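The exercises below are meant to be worked through with the sequence and the three-dimensional model open side by side. Try each task before you read its solution.

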Amino acid sequence: MRTSRAAALLFCLVGLLIAACSSEPPPPTTPTVTPPPTATSVPPPTATPVDLAASCIDSPAELGNPGPMTRTDVEGAAVFVARLVSDADQQRVLDGLAAARTFIAREFGGVERSICLEIRADEQRAGAALTIGNRVIVFTQPGGWSRPYPWLLSRATAHEYVHVWAAEVANDFAPSNSIAYGPGWLVEGVAEYMSMRMVLEDGLAPVAEAETFTNTLLRLSQATLNDLEALPLPNAEDYATAELAVSRLMQGIDIRALQRYYEALGRRTVWPAAFAQVFGVSPAQFYQQFALEPGR
Ligand SMILES: [Zn+2]
């Protein structure tokens, strides 16, 4: 029983992260909008929201065809929902988005841009999520989430929204969620650290469950920070190590330090210098400190 439960959990976690945070294709080019023949006297539409909707539907080929999607707009996002996405899962994703927006508004003043949020049903990718520019795609199981930790859908959405926020703060100097924003453990650790706080503070994830989830992963991960400099991170459990590292980095530091870090990157400060300025420790010193953590 224990073995099968552990195997199911691992599958869930691998499914969660296998496509999350992976290297990203370039943002889709802005589609050309062809006005209908009867609209020749009408000025062409402005960039948003028409282009936003079009870019949602024009998915990268490697992600497959989501089939027909229905659109519902919420605060800050045009939301496209594929068939076979359950109402409960849709709500979990929207709750994650709302939690992220609330947190970022309170701590950092908000996110100005709107995103395109796709919710797809794909058994193989269920639990995964990714960000391409201003597009966030979250995958769940067809017919409804049946695995442990359904709040992971909220958390995955919040995680991706952190990448969107970080890119905006950094003036989009590089594709979001790329190595330009720092080593892999920092890029993903910030998203993991913030998204966990978001779902906990919004009451979306039970505290005890979240601790069990993270501690299970940490027991599986043997990685040092030197092992986690590339993207994507090698294993699902390494995201928990990245989260732990960022939580240690943030100990005793105001969370707005993270905003200052991305602002410095946006001014083209190289990441090690931005890191030392903002966190008050050099990367090398922090790596040494973190190596003293149990299990590292
Ligand atoms: Zn990520």
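**Exercise 1. The nonpolar core**

Which residues in the largest nonpolar core touch the most other members?

Solution. Keep in mind from the start that this is a predicted model. The protein has ten helices and five strands, and buried residues make up 42% of its 296 residues. The largest nonpolar core holds 78 residues, and those touching the most other members are Ala-100, Val-138, Val-162, Ala-166 and Val-190. Helix H4, which covers residues 152-169, gives this core its largest share, namely eleven residues. As a next step, take Val-138 and leave aside its neighbours within four places in sequence: the residues in contact with Val-138 are then Val-93, Ile-119, Ala-129, Leu-153, Ala-156 and Thr-157. For the protein as a whole, among contacts between residues at least 6 apart in sequence, 67% join residues at least 24 apart.

**Exercise 2. Two pairs of packed helices**

Describe how H3 packs with H5, and how H6 packs with H7.

Solution. Two packed helices are described by the angle between their axes and the distance between the axes. Helix H3 (residues 87-108) and helix H5 (residues 184-201) pack at an angle of about 105°, with their axes 9 Å apart. H3 is therefore roughly perpendicular to H5. On the H3 side the contact is made by Gly-96, Ala-99, Ala-100 and Phe-103, and on the H5 side by Arg-197, Met-198, Val-199 and Glu-201. Sorted by class, this contact has five nonpolar, one polar and two charged residues.

For the second pair, helix H6 (residues 207-220) and H7 pack at an angle of about 105°, with their axes 8 Å apart. H6 is therefore roughly perpendicular to H7. Here Thr-214, Leu-217 and Leu-218 of H6 meet Ala-240, Thr-241, Glu-243 and Leu-244 of H7. This contact of H6 with H7 has four nonpolar, two polar and one charged residues.

**Exercise 3. How enclosed is helix H7?**

Work out how many residues of H7 are buried.

Solution. Helix H7 covers residues 238-249, and its twelve residues reach 16 Å from the first C-alpha to the last. Ten of the twelve are buried, so H7 is largely enclosed by the rest of the structure. Among the buried residues are Ala-240, Thr-241, Glu-243 and Leu-244.

Technical notes: Residues are numbered from 1 along each chain as its sequence is written. This is a predicted model: local features need pLDDT of at least 70, side-chain atom pairs count only at pLDDT 80 or more; totals for chains, interfaces and linings use all residues. Axes are lines fitted to C-alpha atoms, for helices over the stretch in contact, and angles run from 0 to 180 degrees between N-to-C directions. Helices (H or I, at least four residues) and strands (E, at least two) are DSSP runs, numbered from the N terminus. Angles under 35 degrees count as roughly parallel, over 145 as roughly antiparallel, 65 to 115 as roughly perpendicular and the rest as oblique. Two residues are in contact if their C-beta atoms, placed from the backbone, lie within 7 Å. Ala, Val, Leu, Ile, Met, Phe, Trp, Tyr, Cys and Pro count as nonpolar, Asp, Glu, Lys and Arg as charged, and the others, Gly among them, as polar. The expected span of a helix is 1.5 Å times one less than its number of residues. A residue is buried if 20 or more other C-beta atoms lie within 10 Å of its own, exposed if 12 or fewer, and partly exposed in between; C-beta atoms are placed from the backbone. A nonpolar core is a set of buried Ala, Val, Leu, Ile, Met, Phe, Trp, Tyr and Cys residues joined through C-beta atoms within 7 Å.
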